[in-house]
Amino acid sequence: MSVADVDARFQQAVALVDAGRLGDADAICNELLAILPDAPSVLFLRGLIAARQGDLSRAIPLVTRAAAGEPENASFHAVLGAFLVESG
């Protein structure tokens with residue numbers, strides 16, 4: 001899969017999340033992570049999906065990995081903090 005194909009699939013996953021089709025978006029993220037297992041944006045999106053599905057125990061490790069992969073990304077850290085607070 002080319003870089004352009006990966007980007008197009010990721011954008012499709014984002015659109016599916018926006019449309020509320022979380023299962024379909026998660027499947028695309030899983031496909032992309034099979035190719036790029038440490039892709040921070042994909043890990044982050046998958047974490048958001050898990051959180052929207054009410055599964056913070058799955059969301060937190062995903063967002064933690066995303067934040068570790070892009071330590072300068074304040075949004076990743078802010079969301080991680082919010083998830084940790086919410087999880088108690």
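Glu-70 sits in the loop between α4 and α5 (74-87), where helices (H or I, at least four residues) are DSSP runs numbered from the N terminus. Setting aside residues up to four places away in sequence, Glu-70 touches Pro-40, Ser-41, Phe-76 and His-77, a contact being heavy atoms within 4.5 Å. The C-alpha atoms of Glu-70 and Pro-40 are separated by 6.5 Å, although the two residues are 30 residues apart along the chain. Glu-70 counts as partly exposed because its relative accessibility is 22%; on this scale buried means under 20% relative accessible area, exposed means over 50%, and partly exposed lies in between (1.4 Å probe, protein chains only).

The model is a predicted one, in which local features need pLDDT of at least 70 and side-chain atom pairs count only at pLDDT 80 or more, while totals for chains, interfaces and linings use all residues. Residues are numbered from 1 along each chain as its sequence is written, and side-chain values use heavy atoms, with hydrogens and water left out.

From this loop the reader can turn to the helices. Two packed helices are described by the angle between their axes and the distance between the axes. Here the axes are lines fitted to C-alpha atoms, for helices over the stretch in contact, and angles run from 0 to 180 degrees between N-to-C directions.

Helix α3 (residues 40-52) and helix α2 (residues 22-35) have axes that come within 10 Å and cross at roughly 150 degrees. The pair is therefore roughly antiparallel, since angles over 145 degrees count as roughly antiparallel, those under 35 as roughly parallel, those from 65 to 115 as roughly perpendicular, and the rest as oblique. The crossing of α2 and α3 is left-handed, a term used if the near helix is turned anticlockwise from the far one by less than a right angle, whereas clockwise gives right-handed. On the α2 side the contact is made by Leu-22, Ala-25, Asp-26, Cys-29, Asn-30, Leu-32 and Leu-33, and on the α3 side by Val-42, Leu-43, Leu-45, Arg-46, Ile-49 and Arg-52. These residues divide into nine nonpolar, one polar and three charged, where Ala, Val, Leu, Ile, Met, Phe, Trp, Tyr, Cys and Pro count as nonpolar, Asp, Glu, Lys and Arg as charged, and the others, Gly among them, as polar.

Arg-46 counts as buried because its relative accessibility is 16%, and its side chain is joined to that of Asp-26 by a polar contact of 2.7 Å. A polar contact is a pair of N or O atoms within 3.5 Å; within protein, one must be able to donate a hydrogen and the other to accept it, and residues adjacent in sequence count only if both atoms are side-chain atoms. Leaving aside neighbours within four places in sequence, Arg-46 is in contact with Asp-26, Cys-29, Asn-30, Leu-33, Arg-58 and Leu-62. Asn-30, found in helix α2, is 16 residues from Arg-46 in sequence and 8.1 Å away in space, C-alpha to C-alpha. Asn-30 is partly exposed, with a relative accessible area of 42%.

Ile-28 is also found in helix α2, and at 5% relative accessibility Ile-28 counts as buried. Apart from neighbours within four places in sequence, Ile-28 is in contact with Arg-9, Gln-12, Ala-13 and Leu-16.

Helix α3 also packs with helix α4 (residues 56-69), at an angle of about 160 degrees and with the axes 8 Å apart, which makes α3 roughly antiparallel to α4. The crossing of α3 and α4 is left-handed. In α3 the residues Pro-40, Leu-43, Phe-44, Arg-46, Gly-47, Ala-50 and Ala-51 meet Leu-56, Arg-58, Ala-59, Leu-62, Val-63, Arg-65, Ala-66 and Gly-69 in α4. By class, this contact has ten nonpolar, two polar and three charged residues.

Finally, α3 and α5 pack at an angle of about 25 degrees, with their axes 12 Å apart, and the two helices are therefore roughly parallel to each other. Their crossing is left-handed, and the contact is made by Pro-40, Ser-41, Phe-44, Gly-47, Leu-48 and Ala-51 of α3 together with Ser-75, Phe-76, Val-79 and Phe-83 of α5. The contact of α3 with α5 has seven nonpolar, three polar and no charged residues.
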